[in-house]
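Let's walk through this one together, starting with a sheet and its helices and ending at the ligand.

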Amino acid sequence: MIQVPRGTQDILPGESYKWQYIEKKLHEIAKNYNYEEIRTPMFESTDLFVRAVGGSTDIVNKEMYTFLDKGDRSLTLRPEGTAPVVRSYIENKMQHNVEQPVKLFYVAPMFRYERKQKGRYRQFVQFGVEAIGVEDPLIDVEILSMLMHIYQSFGLKNLKLVINSIGDMESRNEYNKALVEHFSPRIGEFCSDCQSRIHTNPMRILDCKKDRDHELVKNAPRMYDYLNDESKNYFETVKAKLDDLNIAYAVDYNLVRGLDYYTHTAFELMSNADGFGAITTLCGGGRYNGLLEMMDGPDKTGIGFALSIERLILALEAEGIDIPNEKGLDLYVCTMTDEARDLAGTLLHKLRNRGISADMDYENRKLKAQMKDADRKNARYTIVLGEDEIQNQSADLKNMQTGETKKLSFEEMISTMEEI
Ligand code: ATP
Ligand code: MG
């Protein structure tokens, strides 16, 4: 038997309503903040990710689904959303849009060849936003408040927002030098990834999952002490504005994030819920000044975040929050005879064309079983068609909640259902 590929999942009918509900809500909140949807291809030139995400990251080193197409082009299934969005911004010259920043969002599957575990899939759906074109702490705060708004709107309470500043390029370079000095003498005690990170991107040693308890990680120099005045001001302004909005956060000086292109504000949102499991990060993001230039684009800056719907659902489960199931039928038509089944078919055709959701039994079951089926399908109304009903061209429309019935001709029934 052929099975679903490792690390992927079918989202079955009994589950898909959750996704629909969440995606609808995400669209609504994006609209509140005036972000518009962008859809980019599922695959891109491999070069895009190698350049934009960076050769020293896990994504590029270990996790990409890369293949040659029949024209010998190296393509990669999209592992993250920022690089494609920025590629599109540059390619479509959005820096000339009248409105800046250009505020975009996406809901799209991402692909990473990772070790499968709870909350970690090889195909997962990310919702992400990007505000590109303006550097202003107000936008950083808008992004953070949208992020909190999203999770709180689902009723989640055990949330922890962690922020840090990575500073501008100048500060970042100074800091990296200090880290090299700090780690070099004892780098042999670190994992092989960290031994190469010290040459490619020393900051990422702080992010290493294997070496996080090493004493040198714990007493590493703090980024904050290497921020130049401008970077420090930027960070202080963001924090002050978060305070103004009563958005709670903690500062974590070791938060560096996995991607190479971050500057200034970096953040993650974690779940504090008991029983969430080992992976507690729900969402990550940050400012990426320098990314557009690095991709031969205009001298513009951006900020964004990405969350996965899979982990959002885990967080909801951990906090015992049910997602409303809006499943239901307007009308279920029960049938007693073959003639009635024919009539039901015609009736359903008319009802559905007027926007009324309706269904019937297709298995020739007994009336009792059909009523059970109507119940299972959450039908708001039912009718029963038998010989009398065909004779009189009318039926009793039954409200399943109140039990009330009303005798109506088929035409009256359609218009009554339409009104309801
Ligand atoms: P992690 O440290 O968990 O590997 P990451 O730094 O690789 O996370 P990002 O690239 O920042 O994650 O992606 C943003 C968000 O997407 C994460 O916070 C997480 O919610 C989600 N995410 C990342 N990888 C996966 C995955 N393999 N399956 C499901 N969700 C994921
Ligand atoms: Mg990862």
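Strand β15 (residues 394–399) runs antiparallel to β16, and 5 bridges join the two; strands here are DSSP runs of E with at least two residues, helices are H or I runs of at least four, and both are numbered from the N terminus. Across that pairing, A395 sits opposite L408 in β16. Helix α15 (residues 410–419) packs on the sheet and touches β12, β14, β15 and β16 (contact means heavy atoms within 4.5 Å), its direction making about 120° with that of β16. Angles are between N-to-C directions, from 0 to 180 degrees, with axes fitted to C-alpha atoms, for helices over the stretch in contact.

This is a predicted model, where local features need pLDDT of at least 70 and side-chain atom pairs pLDDT 80 or more, while totals for chains, interfaces and linings use all residues. Residues count from 1 along each chain as written, chains are lettered from A and ligands numbered from 1 in written order, and side-chain values use heavy atoms, without hydrogens or water.

Zooming out, the open sheet has 5 strands in the order β13-β12-β14-β15-β16, with mixed pairing (two strands pair if DSSP finds at least two bridges between them). β13 (358–360) and β16 (405–409) are at the edges with a single partner strand each, so one side of each has no neighbour in the sheet.

Now the ligand: 16 residues surround ligand 1, with R112, E114, R120, R257 and L282 the closest (near means a heavy atom within 4 Å). β10 gives the most to this shell, 4 residues.
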